[in-house]
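Please set out a careful report on the structure shown below, with attention to its charged pairs, its helices and the confidence of the model.

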Amino acid sequence: PPPAPSAAARDAGWIAAIRNGDDDAYAALFRAYAGPLATYAYTIVRSRAVAQEVVQEALWKVWERRATLDIRDSVRSYLYGVTRNESIDWLRRERLHDAWKAQAAGEERVARDVRPASPVEEETAIGEVRAAIGAAIATLPKRAREILTLRWRHQMTYPEIAAALGIAPKTVEVHVSRALRTLRPLLRKYVD
């Protein structure tokens, strides 16, 4: 019998077949790597359930991007890289979620400390402010809205935003500055 192909040759064959839409090759790749990738993801996210979700998302991206996959090194290192990125993205989303919860709790404490209000009054006031902020942000140009969302909702730094959008950090700074100048008069009622 001929010698068994190396893992690298086997993987390259799977990727070539996956590029052509071969479900069986994708299933074989999934079976071969899902377990080891989940073990790796666990070292980052520290949750077995989340690690499995991360791996499913990472491997799904391989299928989604099959026509344009650009694997320069080994398939194995590519899969581990995608899994690492997905794990880090999950951690960022989790950190953002925690920050939003903490911010909301802080806003509620401040609202209670300023003057006692009924839960209905508080909810109405918070809803009014959120609606005003949303309406004000909606008046901004698309790029400015996108940058403000990444900055404050996703807690990204100027260099991170610049890298994500493919623009210079100084451009990000200019957009934020202009956006704030536009928003201040629109939200003055809520700030003063």
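Glu173 is partly exposed, at a relative accessible area of 38%, where buried stands for under 20%, exposed for over 50% and partly exposed for what lies in between, computed with a 1.4 Å probe and protein chains only. Its side chain forms a salt bridge with Lys170, with 3.5 Å between the closest N and O atoms; the term requires a side-chain nitrogen of Lys or Arg within 4 Å of a carboxyl oxygen of Asp or Glu. Lys170 counts as exposed, at 54% relative accessibility.

Both residues belong to helix α8 (residues 169-191), and being 3 residues apart they are separated by about one helical turn. Helices are DSSP runs of H or I with at least four residues, strands are runs of E with at least two, and both are numbered from the N terminus. An α-helix has 3.6 residues a turn, so residues three or four places apart point the same way.

## Basis and confidence of the model

The model is predicted, so that local features need pLDDT of at least 70 and side-chain atom pairs count only at pLDDT 80 or more, whereas totals for chains, interfaces and linings use all residues. Residues are numbered from 1 along each chain as its sequence is written, and side-chain values use heavy atoms, with hydrogens and water left out.

The mean pLDDT (the predictor's confidence in each residue, from 0 to 100) is 84 for the protein, and 89% of its residues reach 70 or more. Confidence is lowest in helix α5 (residues 119-138), with a mean of 77, and highest in helix α3 (residues 48-64), with 95.

## Overall organisation

The protein has 8 helices and 0 strands. Of its 192 residues, 28% count as buried. Among contacts (heavy atoms within 4.5 Å) between residues at least 6 apart in sequence, 59% join residues at least 24 apart.

The accessible surface, computed by the Shrake-Rupley method with a 1.4 Å probe, comes to about 12,700 Å², and 55% of it belongs to carbon and sulfur atoms.

## Other salt bridges

The structure holds 6 salt bridges, one of which pairs Glu86 with Lys61, their closest N and O atoms being 2.4 Å apart. Glu86 lies in helix α4 (residues 75-114) and Lys61 in helix α3, so this pair ties together parts that are 25 residues apart in sequence. Glu86 is buried, at a relative accessible area of 7%, and Lys61 also counts as buried, at 17%.

Arg72 and Asp70 are likewise joined by a salt bridge, at 2.8 Å from N to O. Arg72 is exposed, with a relative accessible area of 73%, while Asp70 is partly exposed, with 45%.

Helix α3 has 17 residues and reaches 24 Å from its first C-alpha to its last, close to the 24 Å expected at 1.5 Å a residue, the expected span being 1.5 Å times one less than the number of residues. The buried residues of α3 include Val50, Val54, Leu59 and Trp63, and Lys61 is also among them.

Helix α6 (residues 142-153) has 12 residues and spans 16 Å from first to last C-alpha, close to the 16 Å expected at 1.5 Å a residue. In α6, Ala144, Ile147, Leu148 and Leu150 are buried. These residues cover an arc of only 165° around the axis, which puts them on the same side of α6; the arc is that of the directions from the helix axis to the C-beta atoms. Just after α6, Gln155 takes a positive phi of about 55°.
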